[in-house]
Amino acid sequence: MKTKCGAFILSLLIALNCICKAQDSSPKPYADEHRPQAHFSPAQHWMNDPNGMVYYNHTYHLFFQYYPKDIVWGPMHWGHAESKDLIHWKQLPIALYPDSLGYIFSGSAVVDSNNTTGFGKNGKIPLVAIFTHHDPKGEKEGTDKFQNQSLAYSLDGGSTWTKYSGNPVLKNPGVRDFRDPKVMWYAPEKKWVMTLATQDHISFYSAPDLKNWKKESEFGIKAGAHGGVWECPDLFPLKMNGKTYWILIVNLNPGGPNGGSATQYFVGNFDGNKFSPLDSNTRWLDYGPDQYAGITWSNTGSRKIFLGWMSNWQYANQVPTKAWRNAVTIPRELSLKQSKGQILLVSKPVAELKNIEEKTISLKQPVFNRSLLDLSSKINKLKSRYVLKLSFATLKDYSIRLSNTKGEELLIGYDPAKDEYYIDRTKAGKMDFQKNFSGRFTAPRQSAAKNSDLILVVDKSSVELFADGGLTTMTAIYFPTEDFNNLAVKTTGKLAINNISISGLKSIWK
Ligand code: FRU
């Protein structure tokens, strides 16, 4: 008996040891190849648009389009993550599952402080999610009414959600693309305003209670860019020099300035009924190929914080990651600035990024007239994630090269002949998973100033460029076969660099 028991325990121990070894051999979560270390990505499986971003009870909620069974797009759920500082994220259980009305497409969330919905019980303030129910059966049958707007609410600060029994609350009048409601409280008229993407324009609706929606107006058939479908809009006020302007964000796919998906915006006025733009120019919030479906957090007061999906529908389903697919950008603080005769949005990484910045290496380099400034020794311990800041007294041509020992490189720079910034990933590693991935992407400079500055937020597989105080922004992803541990700045002219600073970024997953 004794020996039998001993043998059993021994074999149990051997089996346990094997299981542990097998687990050890798979990469730790968030340590796998190409995994962003300073940006949120789901531990596993597919994500696209950020959804329902709301700040409540000192917590930033980030919901997102999520398919928990595969690393390609599928029946959409709302995944959920939360953060106290916009930088460190914790992934939580799925918030919304598909149901008999369809998949859970994109939308927003608000704090219903006045309990206009009546969802609040015993003084608990409801968080309300307003999302698109996408009925795949209706779509297959060829009807035009398969996208409708619905509600869900949470009485525990966003942890658990109940769908409203009266869904859908806004029925489709017969518009194929009728989705992505972004809702805000319009205080002057004590009503909710919904900004909805309706194919090639925006439709505004209002409701006193988030349930009984009335159409207010339409905007955009003749304004802005129309290379594809209008999706994921946002509407909010921003002040400049004491004056309030209204910003209307409209995501567009395809038809972006560098191909595929991108975010345009309009600056104008909104009177509770109608949006009137200052002009019908096309403005791009981010010129790079990999910022899409970006919108802002609700309930953050006058601070406007923007976050986008860091991919492009041209290849989002094919990028070479294994356990997970796609991530989000660094949250960005938005403000307005007058430049080159226009009022433009300025984007800057949120100040909270400091929370993961390591010791800053600062180099004073008043006049840099050598052809190559090699900074590799400054970044070789930073595991290819850092914030690089440069400021120039006079802007001349420059090119920043991130490279590895495999001969792969990413080039980021400014071309004075065309007065444009660029990101060139034609030799940046894995490329052949989709024909549109390789490319050199450009952005017209939005500033006319003689001096200039540049911030690059570099993570394992992405770079975000903020030039001229954030007037020009570009985001691009890339997949090198070895980390880019070399960094150099090149110029052909006399480039006066006032200051160079490099701060490593700690992993948000440790
Ligand atoms: C934008 C989008 C939305 C839609 C969602 C579906 O990327 O197409 O319009 O709600 O993705 O996942």
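Here are legends for a set of close-up views of this predicted model.

Residues are numbered from 1 along each chain as its sequence is written. In this predicted model, local features need pLDDT of at least 70 and side-chain atom pairs count only at pLDDT 80 or more, while totals for chains, interfaces and linings use all residues; side-chain values use heavy atoms, with hydrogens and water left out.

**View 1**
Let's start with the shell around the ligand, whose members include Asn48, Gln65, Trp73, Phe105 and Arg179; a residue belongs here if one of its heavy atoms lies within 4 Å of the ligand. By type, the shell holds five nonpolar, three polar and four charged residues. Here Ala, Val, Leu, Ile, Met, Phe, Trp, Tyr, Cys and Pro count as nonpolar, Asp, Glu, Lys and Arg as charged, and the others, Gly among them, as polar. Strand 1 (45–56), strand 5 (103–111) and strand 9 (178–186) each give at least two residues to this shell. Strands are DSSP runs of E with at least two residues, numbered from the N terminus.

An N or O atom in the side chain of Gln65 is 2.7 Å from an oxygen atom of the ligand. For Asn48, a polar side-chain atom lies 3.1 Å from a ligand oxygen atom, and for Trp73 the distance from a side-chain N or O atom to a ligand oxygen atom is 3.0 Å. On its own the ligand has 320 Å² of accessible area, and the protein covers 95% of that; such areas come from the Shrake-Rupley method with a 1.4 Å probe.

**View 1. Trp78 in strand 3.**
Trp78 sits in strand 3 (residues 77–83). Is this residue buried or exposed? Trp78 is buried, at 1% relative accessible area; buried means under 20%, exposed over 50%, and partly exposed in between (1.4 Å probe, protein chains only). A polar atom of the Trp78 side chain lies 3.0 Å from the backbone oxygen of Phe105. Phe64 is 14 residues away from Trp78 along the chain, and their C-alpha atoms are separated by 5.3 Å.

Look for Asn253 in strand 14 (residues 243–253). Asn253 counts as buried because its relative accessibility is 17%. The peptide bond from Asn253 to Pro254 is cis, with omega near -10°, and Pro254 lies in the loop between strand 14 and strand 15 (262–270).

Ser335 belongs to strand 21 (residues 332–339) and is partly exposed, at 32% relative accessibility. Between Ser335 and Ser347, twelve residues apart in sequence, the C-alpha to C-alpha distance is 6.8 Å. Lys340 is in the loop between strand 21 and strand 22 (342–349). Phi of Lys340 is near 50°, a positive value in a residue other than glycine.

**View 2. Thr491 in a loop.**
Thr491 is found in the loop between strand 33 (486–490) and strand 34 (496–505). This residue is buried, with 6% relative accessible area, and the side chain of Thr491 reaches the backbone oxygen of Asp397 at 2.7 Å.

Notes:
Helix = DSSP H or I, 4+ residues; strand = E, 2+ residues; numbered from the N terminus. Polar contact = N/O pair within 3.5 Å; in protein donor to acceptor, adjacent residues only side chain to side chain.
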